[in-house]
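Subject: Structure handover

Hello,

Here is the structure I promised to pass on. My notes follow below it.

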Amino acid sequence: MPTEKPDAFAGKYWIPKYILLFLVIFSLLYYLFVSNFDSLLPYFALLTHSVYGLLSVFYDGFSWEGNFLRHPGFTFEITRGCDGLTSLILLLAAIVPFPVSFKSKIIGLAIGVPILLGFNYLRILTLALTKMHFPGHFQTMHVQILQPAMVLVTFAVFVVWLMIYVRQSR
Amino acid sequence: MSVNPGKHPPIVRFLARFVLSISVCFVLYHFLFPLYALIILAPAKSLVLMTNENLLQITTRPEISFAGFLFEGVEKVRAIRYDAYFVYMNLVITLALISATPDMALLNRIKKSLWALLIMVGVHCAESFVDLAYAGISASPDPDLIPYSDATRSLLFEVNRFYAHMGLFIIPFLIWFLFCHKEILGLAKGVAKASRSKTVGRNEPCPCGSGKKYKVCCGA
C-alpha cells in the first residue's frame, strides 16, 4: 500500500496551490483539446465504428463513414462534445495535482478513464437508439439528460476515488 | 424496519445523497427556470444594448434558444449559442454537490448553497452577456456597424467556446472545491465524521475504517 505523508494536506497553502495547478493543467489540456481537432478524428472514427459494430449486431441498415453513423432514417455525427474528453480533462486536472502519492493518482486515472470512456460509449449508443426509436425526444435526451449525467459520473468518479482509494491508502 | 444511515458505508451515503439532491434540485430548477432566465437575461440584455449602440432591442426566448435583434430598420433572429436550459444547469450540479457533501451542519450547508447561488447568478449573467453579444455580432446586417474590435470579437468567441465545452464541468467543480474543501479533504483523509452519528459507541470500531476504537480515533 502506498504511504502518504500524514501532513500532505497540512500545509497552509495546499488549497491555493492545488487550485492553481488544477487551473494550469485544465487550461493546458483544454488548449490541446480545442487546437487539435484533426488529430482527434481517428478517435471519433473509432468511437463511431465501435458504436456501429454493436448496433449492427441487433439492427440492419446501419453504416458508418469517418465519424458519421448512418441509418435509412437519420445520420448521426459524432464530433467534439460527444467524445467524453471534456470529462477526462476535468478528471485529470482534479486528480493529478491532488497531494497524494503518484501510485494513488495512477490508480485513480487507470480506473476513472475507462469508466468515463465506457459511460460515454453508452451515452452515444443510447443517443443512437433514441434517434432511431424516439426521434422527438432526441434533443431532450442529448442536452438535458445525458450531458449532465456525464458530468455527474465524472464527479462521482472523483469522489469515489477520494473515498475509497485515497482514504484506504492513508 | 428503520434504516440507520450511520450503518451504511460513507460512499453509499454520499452517492444516495447525491442522486437525491440532483433529483430535487433538477425538479426545482425545471419549474423555476422561466423566472431564473428572466432574472439572468435582464441585466445581460441591458449590458449588450449599452455596449452595442447599433442595437435597438433584444428579445430573448430562452425556452427555444433564440434571440431577436432589432437594428435600425432591420430585425434579425439568431440562435443563442446553446439551450439556456442546459447552460444554466451547472447551477443544479453545484447545489447538488454542496448538498451531497457529507459532514456539514444544515445551517452551514444552506449558507454555502446561498453563496454558490449568488456566484452562479453572476457567472450566468456574464455568460449570457457574452452569448448575446456574440449572437448580436452575427446578427448584424452590416459588419461595419459592429462596435467591437477584432480582439473583443475573438475574446467573445473564445469565452463562448470555452463555456460551451467546459462550463458544465469546471464551474461546479471550482465552486464546490472552494466551499467544501475541508469536507472533501475529510473524505480523502478518512476522517469523514460518521462520528457525528449518535449511534456509534465509544468502544465500537471507528466508522472511518481505521480499525481503532471510536474513542481513540475520530471520537477522541
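Arg70(A) is partly exposed, with a relative accessible area of 31%. This is a predicted model, so please read every value here as computed from it. The side chain of Arg70(A) meets that of Glu65(A) in a salt bridge, at 3.1 Å from N to O. Glu65(A) counts as exposed, because its relative accessibility of 53% is over the 50% cut-off.

How many salt bridges does the whole structure hold? The search over all chains finds two. The other pair to look at is in chain B, where the side chains of Glu183(B) and Lys112(B) meet at 3.7 Å, N to O.

Next, chain A as a whole. Its secondary structure comes to five helices and three strands. Along the sequence the pattern reads α-α-β-β-β-α-α-α. The chain has 170 residues, and buried residues make up 47% of them.

Helix α3 (residues 85-95) of chain A deserves a look. Of its 11 residues, 10 are buried, so the helix is largely enclosed by the rest of the structure. Which residues of α3(A) are buried? They are Leu85(A), Thr86(A), Ser87(A), Leu88(A), Ile89(A), Leu90(A), Leu91(A), Ala93(A), Ala94(A) and Ile95(A).

Now the packing around that helix. The axes of helix α1 (residues 14-35) of chain A and α3(A) come within 8 Å. They cross at roughly 150°. That angle is over 145 degrees, so α1(A) and α3(A) count as roughly antiparallel to each other. The crossing of α1(A) past α3(A) is right-handed.

α3(A) also packs with helix α4 (residues 102-133) of chain A, at an angle of about 165° and with the axes 10 Å apart. That makes α3(A) roughly antiparallel to α4(A). Here too there is a handedness to note: α3(A) passes α4(A) in a right-handed crossing.

Back to chain B, and to its surface. A nonpolar patch there is formed by Leu20(B), Val24(B), Val27(B), Leu28(B), Phe31(B), Leu32(B), Leu35(B), Leu38(B) and Ile39(B). Together these residues have about 930 Å² of accessible area. One of them, Val24(B), lies in helix α1 (residues 10-51) of chain B. Val24(B) is partly exposed, because its relative accessible area of 44% lies between the 20% and 50% cut-offs.

One last residue. At 16% relative accessibility, His165(B) counts as buried, since the cut-off is 20%. How far apart are His165(B) and Leu185(B), in sequence and in space? They are 20 residues apart in sequence and 28 Å apart in space, taken from C-alpha to C-alpha.

Over to you.

Best wishes

Technical notes. Residues are numbered from 1 along each chain as its sequence is written. Chains are lettered from A and ligands numbered from 1 in the order in which they are written. This is a predicted model: local features need pLDDT of at least 70, side-chain atom pairs count only at pLDDT 80 or more; totals for chains, interfaces and linings use all residues. Side-chain values use heavy atoms; hydrogens and water are left out. Patches are made of residues with over 30% relative accessible area and no salt bridge: like charges are joined within 9 Å, nonpolar side chains (Val, Leu, Ile, Met, Phe, Trp, Tyr) within 5 Å. Accessible areas come from the Shrake-Rupley method with a 1.4 Å probe; for residues, only the protein chains shown count as cover. A salt bridge is a side-chain nitrogen of Lys or Arg within 4 Å of a carboxyl oxygen of Asp or Glu. Helices (H or I, at least four residues) and strands (E, at least two) are DSSP runs, numbered from the N terminus. Buried means under 20% relative accessible area, exposed over 50%, partly exposed in between (1.4 Å probe, protein chains only). Axes are lines fitted to C-alpha atoms, for helices over the stretch in contact, and angles run from 0 to 180 degrees between N-to-C directions. Angles under 35 degrees count as roughly parallel, over 145 as roughly antiparallel, 65 to 115 as roughly perpendicular and the rest as oblique. A crossing is left-handed if the near helix is turned anticlockwise from the far one by less than a right angle, and right-handed if clockwise.
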